[in-house]
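Have the viewer open as you read.

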Amino acid sequence: MKMIFEQFSKIGIIPVVVLDDAKDAAPLAKVLCENGLPCAEVTFRTAAAEEAIKTMSREFPDMLVGAGTVLTIEQADKAINAGAKFIVAPGLNPKIVQYCLDKSVPVTPGTQTPSEMEQALELGLKVVKFFPAEPSGGLNMIKAVAAAYVDLKFMPTGGINAKNVRDYLAYNKIIACGGSWMVKKDLIAAGEWDKIGAMVREAADIVKEIRGNAK
């Protein structure tokens, strides 16, 4: 699990992907890998998610492919069986967290309050999602709670974009940021791979600029 979080830290920005059609999985994965963000959090908001994870994992075995918006143990199980290397949830469901931990799959549940963060620590987690980041106080909120929870690191998602991501990445308690601005759903559906590639490269360059370790 530690290895996955080290990869998160190196990649810096985790593309949060919503796919309506699994046929888009392979070309999107290719664009992400070729432009410096070899990672995808494929959200279980659509019926295509499971097949998309299978395709990405099979055709791009070195890519860090995971599942997001996981709301049930059944979804977590489907994602893991499809090849997901990590699980992300919008909230903290102790049953889902424990299920993933029992299978040695890294899980990052959504937290927003100190009480939820303490729950995460009680479950043995060291990294949590902070969601929705911007509506919940953004970087200032993370800094405020991080002062109390010194062993906890954060993956903020929600309202992160090319304009504000630098500030988040510069803070040492943030392992990575989740974002969808470089993989917009309409561009994927239209097959605008060149446009997506340019935005992915821009995002990877931001990580390199701030952290000096983008691939």
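## Ground rules

A residue is called buried at under 20% relative accessible area, exposed at over 50%, and partly exposed in between, using a 1.4 Å probe and protein chains only. Helices (H or I, at least four residues) and strands (E, at least two) are DSSP runs, numbered from the N terminus.

This is a predicted model, so to speak of a local feature we need pLDDT of at least 70, and side-chain atom pairs count only at pLDDT 80 or more, while totals for chains, interfaces and linings use all residues. Residues are numbered from 1 along each chain as its sequence is written, and side-chain values use heavy atoms, with hydrogens and water left out.

## A strand covered on both faces

Start with strand β1, residues 13-17, where 5 of the 5 residues are buried. Ile-13, Pro-15 and Val-17 cover one side, Ile-14 and Val-16 the other, and all of them are buried.

Which strands pair with β1? Pairing here takes at least two DSSP bridges between two strands. Strand β9 (residues 177-179) runs parallel to β1 and is joined to it by 3 bridges, with Gly-178 as the bridge partner of Ile-14. Strand β2 (residues 39-43) is also parallel to β1, over 2 bridges, and there Val-17 is partnered by Val-42.

## From strand to helix to strand

Axes are lines fitted to C-alpha atoms, for helices over the stretch in contact, and angles run from 0 to 180 degrees between N-to-C directions. The residues making this contact (heavy atoms within 4.5 Å) include Leu-28 and Val-31 of α2, and Ile-196 and Val-200 of α10.

## The nonpolar core

A nonpolar core is a set of buried Ala, Val, Leu, Ile, Met, Phe, Trp, Tyr and Cys residues joined through side-chain atoms within 4.5 Å. The largest one in this model has 81 residues, and those with the most contacts inside it are Phe-8, Ile-13, Leu-28, Ile-53, Met-56, Ile-87 and Phe-154. Helix α10 (residues 193-211) supplies the largest share of this core, 7 residues.

What does Ile-53 touch, leaving aside neighbours within four places in sequence? Its contacts include Val-42, Phe-44, Val-65 and Ala-79.

## A second sheet

Strands β6, β7 and β8 make an open sheet in that order, with parallel pairing. Strands β6 (110-111) and β8 (153-156) stand at the edges with a single partner strand each, so one side of each has no neighbour in the sheet. Between β6 and β7 (residues 127-130) there are 2 bridges, and Thr-111 stands opposite Phe-130.

Helix α7 (residues 138-146) lies across β7 and β8, and runs at about 165° to β8. In the loop between β7 and α7 you'll find Pro-132, which is joined to Phe-131 by a cis peptide bond with omega about -10°.

Two non-glycine residues are worth a click. Thr-69 has a positive phi, near 50°, and sits in the loop between β3 (64-68) and α4 (73-82). Is Thr-69 buried or exposed? At 16% relative accessibility, Thr-69 counts as buried. Ser-104 has a positive phi of about 60°, in the loop between α5 (94-102) and β5 (107-108), but Ser-104 is exposed, at 52% relative accessible area.

Over in helix α4, Gln-75 is buried as well, with a relative accessible area of 17%. Sequence neighbours within four places aside, Gln-75 is in contact with Phe-44, Thr-69 and Val-70.

Last stop: Lys-2, in helix α1 (residues 2-11), is exposed at 63% relative accessibility. The C-alpha atoms of Lys-2 and Pro-106 are 8.3 Å apart, although 104 residues separate the two along the chain.
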